[in-house]
Amino acid sequence: MTKKKGLIVMANMSTATGRMYLERDFYEKHKELVDKWIKFYQESNHIGEWYGLTYLAVEEKTEDEIILEFAGIGRWSWEDTLEWIFASEDFESQFNSYKVELAEKLYKENQEVLMEYVDYEPGCEILVEREVTLRVDKRKNKYETSYIIDTDIDIEYNDYNKIMNEVEDGYRLDNKEDVKALQVVLKDFYKENEEMITEKNYREFKKDVLTYIKQDKELNGGICLFRIEDPGMFLEDMEDSLEIA
């Protein structure tokens, strides 16, 4: 289980964050409809209830397009959920009453929607960056979402990259402010768990922690906050890693 933007996400559920791009002319033509569709995902009572979009907000408007910040939850991966973005039939608890009308407009006006995102699923150790082009199709009087993956980049699965891609909170050794904050956390950790720590003093303990973070391949120069929240597991993992090294 992991925490992301106030959501509690169980294993085998992915979290996706990124941007969606709509043509500015299309937005201005259907502004009221699009704004209502966006607002649905900003209502707190909907957040975290189902697979699909969980948040949308206008990030920027340019001369040519409107840029939307988004977050979403997928089953196994966000790619497996893309087909529902503009579908007529939705996950029951997620049904957005404005989506069918929006899908109809996108279909009739032959609009494509670009989506770029990072997808994170800790149960299967998925961390990917993708760009996809979404289109609305119509089959048997129902709208469906089809997509083409334009860019597909596997990101090496380690703590540093999780922190860099903002899918987990944590500390990077190449960031001075992070190192300062980590040292404060480690001092408190040492005081609270001194009876479990085998090192003779705090300086020795801190040195071992920093070596562990730097050398361990799963961490790769960064450490996610959730590791430190379980003192017994953290100390055991660190000891095992330092022994192997």
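**Helices, cores and selected residues**

Good morning. I begin with Gln-215, which is part of helix H6, residues 202-215; helices are DSSP runs of H or I with at least four residues, strands are E runs of at least two, and both are numbered from the N terminus. The model is predicted, with local features needing pLDDT of at least 70 and side-chain atom pairs pLDDT 80 or more, while totals for chains, interfaces and linings use all residues. Residues are numbered from 1 along each chain as its sequence is written, and side-chain values use heavy atoms, without hydrogens or water.

Is Gln-215 buried or exposed, or does it fall in between? Its relative accessibility is 47%, so Gln-215 counts as partly exposed (buried is under 20% relative accessible area, exposed over 50%, partly exposed in between, with a 1.4 Å probe and protein chains only). Between Gln-215 and Trp-84 there are 131 residues of sequence separation and, from C-alpha to C-alpha, 42 Å in space.

The largest nonpolar core contains 30 residues (a core is a set of buried Ala, Val, Leu, Ile, Met, Phe, Trp, Tyr and Cys residues joined through side-chain atoms within 4.5 Å). Met-20, Trp-37 and Phe-86 have the most contacts inside this core. At least two core residues come from each of several elements, including strand S3 (13-23), helix H1 (24-29), helix H2 (31-40), strand S4 (52-61), strand S5 (65-75), helix H3 (99-108), strand S6 (113-121) and strand S7 (126-139). Which element gives the most to this core? It is H2, with five residues.

Beyond its neighbours within four places in sequence, Trp-37 is in contact with Met-20, Leu-53, Leu-56, Leu-68, Phe-86, Asn-96, Tyr-98, Lys-99 and Leu-102; contact here means heavy atoms within 4.5 Å. Apart from this core lies another, of 17 residues, whose members include Tyr-171, Ile-223, Ile-228 and Met-238.

I now come to the helix pairs. The axes of H2 and H3 come within 10 Å and cross at roughly 135° (axes are lines fitted to C-alpha atoms, for helices over the stretch in contact, and angles run from 0 to 180 degrees between N-to-C directions). H2 is therefore oblique to H3 (under 35 degrees is roughly parallel, over 145 roughly antiparallel, 65 to 115 roughly perpendicular, and the rest oblique). On the H2 side the contact is made by Leu-33, Val-34 and Trp-37, and on the H3 side by Lys-99, Glu-101, Leu-102 and Lys-105. These residues divide into four nonpolar, no polar and three charged (Ala, Val, Leu, Ile, Met, Phe, Trp, Tyr, Cys and Pro are nonpolar, Asp, Glu, Lys and Arg charged, and the others, Gly among them, polar).

The next pair is H5 and H6. The axes of helix H5, residues 176-192, and H6 come within 11 Å and cross at roughly 125°, so H5 and H6 are oblique to each other. H5 contributes Leu-182, Gln-183, Leu-186, Lys-187, Phe-189 and Tyr-190 to the contact, and H6 contributes Tyr-202, Phe-205, Lys-206, Val-209, Leu-210 and Ile-213. By class, the contact of H5 with H6 has nine nonpolar, one polar and two charged residues.

H6 also packs with helix H8, residues 231-244, at an angle of about 70°, the axes being 10 Å apart. H6 and H8 are therefore roughly perpendicular to each other. Here Phe-205, Asp-208, Val-209, Thr-211 and Tyr-212 of H6 meet Phe-234, Leu-235, Asp-237, Met-238, Ser-241 and Leu-242 of H8. The contact of H6 with H8 has seven nonpolar, two polar and two charged residues.

Let me return to Leu-182, which lies in H5. With 1% relative accessibility, Leu-182 counts as buried. What does Leu-182 touch, not counting residues up to four places away in sequence? It touches Tyr-171, Leu-173, Leu-210, Ile-213, Ile-223 and Ile-228.

Gln-111, in the loop between H3 and S6, counts as buried at 11% relative accessibility. Leaving out residues up to four places away in sequence, Gln-111 touches Glu-23, Phe-26, Leu-106, Leu-134 and Arg-135. Trp-76 lies in the loop between S5 and H3 and is partly exposed, with a relative accessible area of 39%. Its phi is near 75°, a positive value in a residue other than glycine. Asn-141, in the loop between S7 and strand S8 (142-154), has a positive phi of about 65° although it is not a glycine. Asn-141 is exposed, with a relative accessible area of 68%.

Thank you for your attention.
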